[in-house]
Structure formats: C-alpha cells, structure tokens
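Student: Please take one part of this model and describe it closely, in one connected answer. Give the cut-offs behind each term as it comes up.

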Amino acid sequence: MQQPAHRSPDSDRSAGRPSRSLAAALSEGTVLLDGGLSNQLEAQGCDLSDALWSARLLADGPEQIEAAHTAYVRAGAQVLITASYQAGFEGFRQRGIGRAEAAALFARSVELARRAAGAVDRDVWVAASVGPYGAVRADGSEYRGRYGLTVRELERFHRPRIEALAAAGPDVLALETVPDVDEAQALLRVAGECGLPVWLSYTVAGDRTRAGQRLEEAFALAEGADGVVATGVNCCEPADAEGAVRAAAETAGKPVVVYPNSGERWDAQGRRWTGGATFDPGRVRAWQDAGARLVGGCCRVGPATIAELAVLLGGGG
C-alpha cells in the first residue's frame, strides 16, 4: 500500500490547516475566537430573515460566508466558527433540499472557513458549530431549554448533524449555546462517537444555565472527559461571563472558553436586537485571570472588537 506523503506544518498552513492541535495551543496560552457571523453577514448586506438564518447562505451565497470569515481572520481571529449553527436536515428539507445535498452544505460550511483560514500565514483552527435543538427550531427556545425531549431523543436529533460535520474534517466541534444539562449530555455522547475534540459552551443567565441548573452541575460533565478541550459559556450577557468562567475552571479543571454577546438582547417575537452594547474588550484580562484560554465574541460582536481583543492579547490584529 502506498504510504501517504509527509505534510509539513508549512504545507498545512498553506492549505488553511493549522500546524498543531487546538489543545496544544491552549496549553501554551490564550487563543482568540472570531465574533458573531450573522452581524458581519448583515453588515455585508445579507438578508438573514429566513428560519435557516446564516445557514441559508451555504446554498444561496457561500461567497458571503467566506468573506465574513475572512474579515475575522484579518482582524486577528485564530478560530473560525462555521455557518452551521442553525443548520439541520429538517430545516433544509423544508426548503426542498434533499439529504445528500444537505450533507454537502454541512461540508461546505467547513470548507468555506478553511479557505478563509488560508488567507493568512499563521495557524487558524476551524470549529464546526453544533447549535442546540432550539436553534434549529428558530423560535428562541435555545434561551429556555427544557424542550420536553429525553436525552436519547436529543441524541437522535443531533447525530446526523454531527456526523455530517465531522466527515468534513474540522479541527474541533463547537457544541455551543447549550441551554441545559440534558442537551449537553446528548451532545457529548454523540460527539464522542466521532473522535474529534470538542468544546462545550453553555448559554447562561446569572449563575445558572438558561434551564435553571447550577453551573457547577453543568460544567461537571466535562470533568475527566478526554475529548473536551475546553468548557465555558457563550451567547450570554458580558456581565455574566467572569463568574461563569471561574465556575468552569474550578469545576471542570480544563481550559475555559468564553464568548459573550454584545450585551444587546434578542427579541425572538420581533426578531430584532434591543438595548445597548456592554461588551468591553478590556474584560479579557479578568477572564484570563479566572481561567479563560479561548476567548472572543458572539452575537453582535464584530471584527473591529475582535481586532481590539487581538491587540490586548498581543496578536496585533
């Protein structure tokens, strides 16, 4: 049998692939995530009113997604999160997209991020976004959790999505915006079947998950889980981040991931953001002191703010 050709770190980077694992990078220091994909797409003039949200553009405007990823890479981001957060086979089917084509769109989400990663001569990791069940329903229920489904039912829902994303070869799976412990259990079980590293990130309100569970209970799922490279929070109020980071570090004993929203609030009924932004890049120091090693922004945090974080972290943007 022919032996595979040796790939050097330089050849990996030229193909948009990092020269080392994300876990290795986290063991050495802080790694910078990107910001909200949807707000950058809207800034580019894209209409995201569809129930598929940014995932619609995987079929209708892939060049827009690649351009948004590239904007974050140019701002200094070291991790790009794919446009698959709200993607599901059911949602694609409702738009007349068959299973094979839908699987190809999941793969495209990884390919677009990988191409954007190749725009710079440094390590950039691609994280395949696995959003919660509520995100795919597009009714705001990811901010409540407690869907009335069992862990086994949630496993059945997530398995096809995770398998399709894993087959595309991302560097890590981002199990993100998870509202409760039951869904976290389901996601970790299914992701564990794929052999890829993951991070587990809850959406929280105050010192509890959106479903009301204590954060110590939620983060305990990651303790001793070899495949989990980081655990923490995202899609939350910036003011809630530091306490959650501390709880994650103390409970799970792993690097902590944190990427809050801008501080504006999502009105699911009106499908709009309300209030003012409270995201302060200067808080990254307190997050680091509390245990954060994978930091960035979520909804409404754009490339300009990520560039500020890059400067604060020493990356220079």
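**The sheet and what packs around it**

Tutor: The mean pLDDT of the protein chain is 91, with 93% of its residues at 70 or more; pLDDT is the predictor's confidence in each residue, from 0 to 100. This is a predicted model, in which local features need pLDDT of at least 70 and side-chain atom pairs count only at pLDDT 80 or more, while totals for chains, interfaces and linings use all residues. Residues are numbered from 1 along each chain as its sequence is written, and side-chain values use heavy atoms, leaving out hydrogens and water.

The part to look at is the open sheet, in which 8 strands follow the order 1-12-9-8-5-4-3-2 with parallel pairing. Helices (H or I, at least four residues) and strands (E, at least two) are DSSP runs numbered from the N terminus, and two strands pair if DSSP finds at least two bridges between them. Strand 1 and strand 2 (79–81) are the edge strands, each pairing on one side only.

Strand 1 (residues 31–32) is joined to strand 12 (residues 292–295) by 2 bridges, and L32 has V295 as its bridge partner.

Helix 12 (residues 238–252) lies across strand 8, strand 9 and strand 12, at about 165° to strand 9. Such angles run from 0 to 180 degrees between N-to-C directions, with axes fitted to C-alpha atoms, for helices over the stretch in contact.

Strand 1 is also among the elements that cover the buried residues of helix 14, which include helix 3 (37–43), helix 5 (62–75) and helix 13 (284–290). Contact means heavy atoms within 4.5 Å. Buried means under 20% relative accessible area, exposed over 50% and partly exposed in between, with a 1.4 Å probe and protein chains only. In helix 14 (residues 303–312), P303, T305, I306, L309 and A310 are buried. They lie on the same side of helix 14 because they cover an arc of only 160° around the axis; the arc is that of the directions from the helix axis to the C-beta atoms. The exposed residues A304 and V311 sit on the face turned away from that buried side. After helix 14 comes G314, with a positive phi near 95°.
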